[in-house]
Amino acid sequence: MSQDYDTQGVQVLGRVTVDQKELLGKECLQFLGELCTRFSGERSSLIAARKEKQDRIDRGVLPDFPAETADIRATSWKVAPVPDFLLDRRVEITGPSGDAKMVINAFNSGAKVYMSDFEDAQSPVWKGMIQGQRNLYDSVRGDLHFRSDDGKEYSINDKPSVLFVRPRGLHLDERHVFSGGKPVPGSFFDFAVFLFNNAKEQIKNGYSPCFYIPKTEGYLEAGLWDRIFSFSESYLGIRAGTIKATFLIETLPAAFEMDEILHEVRNHSAGLNCGRWDYIFSYIKKLRNGEEFLLPDRSSVTMDRGFLLSYSKLLIRTCHMRGAHAMGGMSAYIPVKNDEAANRKAMKNVADDKMREVLLGHDGTWVAHPGLVGVAMETFNGVMKTPNQIHVIPDHEAITASDLLKPIHGNVTETGLRVNLRVGIQYIAAWLEGRGAVPLYNLMEDAATAEICRSQVWQWIRHGALLEDGRIVTGNLVEQILRDEVANLKDTVFTREAEKLFREMIFSSGFADFLTTGAYERLLELETSK
C-alpha cells in the first residue's frame, strides 16, 4: 500500500480519490494530529486499565458501584438541557455510513434520528470508511445523490432525520493513517474528520454535531471524551457545549457508573442508550470464568429478564433523575420478503419489543430498517404523548449490584449452538468482504451479535455446558458440528478466512477481547492483495 500524502505530521497511507481528498486537507489533518498528540497517551492508559479491571474480575472481584464516586450518585444535579431539535427522539434508525443508498433511505425513513455508523455496522475497509465521510459531508449540505443500476434516482428529502455519528470504539486503530509514527485511533479519525468538515455547516443550519459514543467502560473514559469535545470546540471556534453525545451503555462495567458517566459529560450529554447486544457480549466476556454466569441460547437472553431488565430499569431511572434521555435498544428483526406469515410475526416481535421499552420508561428506541420505523413510531405514539418521558421518574425498587449480575437461565441447545457457529462465520466472512450490517435468517446481524456467537461457544466449551438432550458441549462436539455447518456454506476465500478466525477464537484457551481487532489484521491483508 503506497503512501498517498503526508501533511502536518499525519501520513495518509490509504488511497483517496480526488473528491475524498477534499475531506483530508491540511487543516483537517492538523486537527487530527492535535487530538492524537494531546489525547492518545490517555487513551492508551485507559485501554490498559481495562485489562487491569478484567484481571480483578478474573480473580473473583466482581463489578460494583465505585466507592470513590458515591457523592456523585447521592447528590442532586442535572445535565445541560439539549437543544429543541433533540427533544423528541422516539424512533432512531441506524445503519452503515459507507453505502450512499442506505444513508439516503435512512435520512428519508421518517425516523427522528439517523445514527450513521462507522463502528459495528460498518466494516473498516478503508474505501468504505472514507466514502462514508464523503456521504455524510454531502448529506449535511443536502447534496447526496445516488443512481441505481436500473436508473432510479435517490436524494435526501426536505425533512431528513437528525444526524448522529457513531465513531469506532477507543480500542480500534485506523491503520491507513499515522501520526507520530503510530496508527491513529480509529475513534479519533472518525470524530475529527466528521467534526472538522461539518460542524460549522450543521450549526449554520440550526443543528449541532451529535455523536453516539460506543464501548465505554466507565466514567474515566467518558471524561476523556468530554475533554476531547471541549478541546475541539475551542480549537474550531465553536461555542462550549455545542457538541452533544449519547453514550452507549453496552459494557458491564459502564452499567455500574452511569451517574458518573453523565456527570463527566453533563455539558455535552444527550443521554444514555441501552446497547443490548454488546451488553450481552460484555456480560459473557467480563464474567467468563464464572460457571454460574453461563448463559443459554441467545434467543432466550431477552430484555425482560435478569441482568438485562435490571440494567434497563437503572438506566432509565438514572437518566431521568439527571434530566437526560434514556434510549432503548435494537430489535434485530427486519421485514421478511415473500413470506407474509413470517413478516407478520417479525412485525409483532418488533412492536412487542418497543411496547416493552416505552412502558418501562424509555424515551426512544432503535430500528435497523426503514420498514420498521412505522411500527416503532406507532407503538411509541400510542403511549408517549409528550416529546419524551424524562419528567417521569420510575418508582421501582433500588437496583443492586447483584441485580446487575443476575444471570438468565434457560436451555443450551444444539440448534442454538449451530446458529452461533453458522451466523458467526457468515458474519465474519461478510465483514472481511466489506459489509458490516448483514441480514441473516431474517435478522440484522452486526459485529455485536457476532461477538455473542463466538463468546457463547467459547463459554459453553470452557464450562462444559449441558445441552438439553443431555450431551456435554466439548471441543470435539463443536468440531463435529462446525464441519457440518461449514460444509453447507458457500466456499469462498472470505468463508475460509472467517472459519479460521472463528476457530481460533472459540478453541483458544484465552479470550480475545474483540473479534474485530484480530480480524482487522486479516482485512488489511485482503485489502492489500486486491
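Strand 11 (residues 244-249) is largely enclosed by the rest of the structure, because six of its six residues are buried; buried here means under 20% relative accessible area, with a 1.4 Å probe and protein chains only. Strands, as E runs of at least two residues, and helices, as H or I runs of at least four, are DSSP runs numbered from the N terminus. On one side of strand 11 lie K244, T246 and L248, on the other A245, F247 and I249, and both faces are covered.

The model is a predicted one, in which local features need pLDDT of at least 70 and side-chain atom pairs count only at pLDDT 80 or more, while totals for chains, interfaces and linings use all residues. Residues are numbered from 1 along each chain as its sequence is written, and side-chain values use heavy atoms, with hydrogens and water left out.

Strand 11 has partners to meet as well. Strand 10 (residues 210-213) runs parallel to strand 11 and is joined to it by four bridges, where pairing requires at least two DSSP bridges between two strands. In this pair, F211 stands opposite A245. Strand 12 (residues 269-274) is also parallel to strand 11, again through four bridges, and here I249 faces C274. Together with helix 7 (residues 219-236), strands 10 and 11 form a right-handed β-α-β unit: with the strands pointing away from the viewer, the path from the first strand over the helix to the second runs clockwise.

Elsewhere, E479 sits in helix 17 (residues 475-487). Leaving aside residues up to four places away in sequence, E479 touches R503 and F507, contact meaning heavy atoms within 4.5 Å.

Key: Buried < 20%, exposed > 50% of the residue type's maximum accessible area, 1.4 Å probe, protein only.
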